[in-house]
Amino acid sequence: VNPPFGSIMHQGKKKGPTAWVRKAVAEHAKGKTVVLVYPIDKWMFMTPNAPRNLGDVRWLATEDGSVGKGTGRHIACFVWRAP
């Protein structure tokens with residue numbers, strides 16, 4: 001899924017990246033493998049147990065398959081395998 005990069009109001013509640021991660025945690029608790037991708041600062045990749053660095057991803061448009069210009073940031077990939 002494409003995560004929210006900012007906060008929005010949805011049904012009277014503020015939704016954003018934190019709600020998205022909570023949903024991923026809940027799905028993992030159900031025994032599912034979860035893959036999260038999210039832009040983070042490059043220094044995070046230098047830490048122990050760092051996530052996988054996907055680089056500056058150039059996403060494809062679902063409408064016509066055209067290649068985007070990228071975000072200009074490094075994209076982290078977190079994989080939580082099903083137990």
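**Note on the predicted model: confidence, fold and salt bridges**

1. Across the protein the mean pLDDT is 86, and 95% of the residues score at least 70; pLDDT is the predictor's confidence in each residue, on a scale from 0 to 100. Among the elements of the protein, strand E1 (residues 8-10) has the lowest mean pLDDT, 75, while E4 has the highest, 93. Where pLDDT is low, the predicted coordinates should not be read in detail.

2. Residues are numbered from 1 along each chain as its sequence is written, and side-chain values use heavy atoms, with hydrogens and water left out.

3. The protein contains one helix and five strands, and along the sequence these elements follow the pattern β-β-α-β-β-β. Helices (H or I, at least four residues) and strands (E, at least two residues) are DSSP runs, numbered from the N terminus. The C-alpha trace spans about 35 × 35 × 25 Å along its principal axes. Of the 83 residues, 20% count as buried, where buried means under 20% relative accessible area, exposed means over 50%, and partly exposed lies in between (1.4 Å probe, protein chains only). Among contacts (heavy atoms within 4.5 Å) between residues at least 6 apart in sequence, 49% join residues at least 24 apart.

4. Three of the strands form an open sheet in the order E3-E5-E4, with antiparallel pairing; two strands are said to pair if DSSP finds at least two bridges between them. E3 and E4 are the edge strands, each of them pairing on one side only. E3 and E5 are joined by seven bridges, and Val35 stands opposite Val79 in E5. E4 and E5 pair over two bridges, again in the antiparallel sense, and Asn53 has Ala76 in E5 as its bridge partner.

5. The helix should be read together with this sheet. H1 packs on the sheet and touches E3 and E5, and its direction makes about 155 degrees with that of E3; here axes are lines fitted to C-alpha atoms, for helices over the stretch in contact, and angles run from 0 to 180 degrees between N-to-C directions. E3 is mostly covered, since five of its seven residues are buried.

6. The structure holds four salt bridges, a salt bridge being a side-chain nitrogen of Lys or Arg within 4 Å of a carboxyl oxygen of Asp or Glu. Lys23, Glu27, Lys30 and Lys32 are linked in a network of such bridges. Lys23 and Glu27 meet at 2.8 Å, N to O; both lie in helix H1 (residues 17-29), four residues apart, about one turn of the helix. Glu27 and Lys32 also form a salt bridge, at 2.6 Å, N to O.

7. Which residues does Glu27 touch, not counting residues up to four places away in sequence? They are Lys32 and Val34. The side chain of Glu27 also makes a polar contact with that of Lys30 at 3.1 Å, where a polar contact is a pair of N or O atoms within 3.5 Å; within protein, one must be able to donate a hydrogen and the other to accept it, and residues adjacent in sequence count only if both atoms are side-chain atoms. Is Glu27 buried or exposed? With a relative accessible area of 13%, Glu27 counts as buried, whereas Lys32, at 43%, counts as partly exposed.

8. Another salt bridge joins Arg73 and Asp41, whose closest N and O atoms are 3.4 Å apart. Arg73 lies in the loop between strand E4 (52-53) and strand E5 (74-80), and Asp41 in the loop between strand E3 (34-40) and E4, so the pair ties together parts that are 32 residues apart in sequence. Both residues are partly exposed, Arg73 with a relative accessible area of 37% and Asp41 with 42%.

9. Met44 also has its place in the loop between E3 and E4, and at a relative accessible area of 29% Met44 is partly exposed. Leaving aside neighbours within four places in sequence, Met44 is in contact with Ala50 and Pro51. Met44 and Ala76 are 32 residues apart in sequence, and their C-alpha atoms are 8.9 Å apart in space.

Methods. This is a predicted model: local features need pLDDT of at least 70, side-chain atom pairs count only at pLDDT 80 or more; totals for chains, interfaces and linings use all residues.
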